[in-house]
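Trainee: I am new to this structure. Please take one part and look at it closely with me.

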Amino acid sequence: MSTLDKAHELARALRGSDEYRRLKELKSSLAADKDAEKMVNDFLQKQAELQIEMMQGKQNEEKMQHLQKMYELLSMNSTAGTYIQAYMRFQLMMQDVSKIIADSVDDVMGEKNA
């Protein structure tokens, strides 16, 4: 079996995972609650912006505190809070998968060989 076939197999496994199915189910519920959907989208946008800034070496305590307050408010909304928890679980799984793949080729792709 080729590497690309294995990649397609991994894609099917991801789509079949409990985390994916739960997130997809909750995404439908979120779309039905426009206020919750807006809260989640705003939060995810601000989170992405902060992550980019942190990767650039910028540390902004005020933005981090604002994001924490947004998360607390978001968690008070049942639909938004449940969705964001499922989103974070799925995101963590994806990070783990990416790390496993990256680690498997680190001996030829890693900085130590540069």
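Trainee: Is Glu37 buried, partly exposed or exposed, and what is its relative accessible area?

Mentor: Glu37 is partly exposed, with a relative accessible area of 22%. Buried means under 20% relative accessible area, exposed means over 50%, and partly exposed is in between (1.4 Å probe, protein chains only). Two remarks on the source come next. This is a predicted model, where local features need pLDDT of at least 70 and side-chain atom pairs count only at pLDDT 80 or more, while totals for chains, interfaces and linings use all residues. Residues are numbered from 1 along each chain as its sequence is written, and side-chain values use heavy atoms, with hydrogens and water left out.

Now the partner of Glu37. The side chain of Glu37 meets that of Lys34 in a salt bridge, at 3.3 Å from N to O. A salt bridge is a side-chain nitrogen of Lys or Arg within 4 Å of a carboxyl oxygen of Asp or Glu. Both Glu37 and Lys34 lie in helix α3. They are three residues apart, about one turn of the helix. Helices (H or I, at least four residues) and strands (E, at least two) are DSSP runs, numbered from the N terminus. Lys34 counts as exposed, at 56% relative accessibility.

Stay with helix α3, which spans 34-55. Gln47 is also placed in it. Gln47 is buried, with a relative accessible area of 15%. Leave out residues up to four places away in sequence, and Gln47 touches Leu67 and Met88. Contact means heavy atoms within 4.5 Å. Glu53 sits in helix α3 too. Glu53 counts as buried, at 16% relative accessibility. Beyond its neighbours within four places in sequence, Glu53 is in contact with Lys58, Asn60 and Lys63.

Val40 takes us to the core. The largest nonpolar core has 20 residues, and Val40, Phe43, Leu74, Tyr83 and Ile84 have the most contacts inside it. Helix α3 is among the elements giving two or more residues to this core, along with α2 (18-32), α4 (61-76) and α5. Of these, α5 gives the most, with seven residues. A nonpolar core is a set of buried Ala, Val, Leu, Ile, Met, Phe, Trp, Tyr and Cys residues joined through side-chain atoms within 4.5 Å. What does Val40 touch, not counting residues up to four places away in sequence? The list is Leu30, Leu74, Ala80, Tyr83 and Ile84.

Next, the rings. The structure holds three aromatic pairs. One of them joins Tyr20 and Phe90: the ring centres are 6.1 Å apart and the planes stand at 55 degrees, so the pair is tilted. Tyr20 lies in helix α2 and Phe90 in helix α5, so the pair ties together parts that are 70 residues apart in sequence. Rings of Phe, Tyr and Trp (its six-membered ring) pair if their centres lie within 6.5 Å; planes under 30 degrees apart count as stacked, over 60 as edge-to-face and the rest as tilted. Tyr20 counts as partly exposed, at 26% relative accessibility. Phe90 counts as buried, at 17%.

Back to charges. The structure holds seven salt bridges. One of them is in helix α2, where Asp18 and Arg21 are three residues apart, about one helical turn. The closest N and O atoms of Asp18 and Arg21 are 2.4 Å apart. Asp18 counts as exposed, at 56% relative accessibility. Arg21 counts as partly exposed, at 46%. Another salt bridge joins Asp103 to Lys99, with the closest N and O atoms 2.6 Å apart. Asp103 and Lys99 are four residues apart in helix α5, which is about one helical turn. Asp103 is partly exposed, with a relative accessible area of 46%.

Val105 counts as partly exposed, at 36% relative accessibility. Val105, Val108 and Met109 make a nonpolar surface patch of about 310 Å². Patches are made of residues with over 30% relative accessible area and no salt bridge: like charges are joined within 9 Å, nonpolar side chains (Val, Leu, Ile, Met, Phe, Trp, Tyr) within 5 Å. Accessible areas come from the Shrake-Rupley method with a 1.4 Å probe; for residues, only the protein chains shown count as cover.
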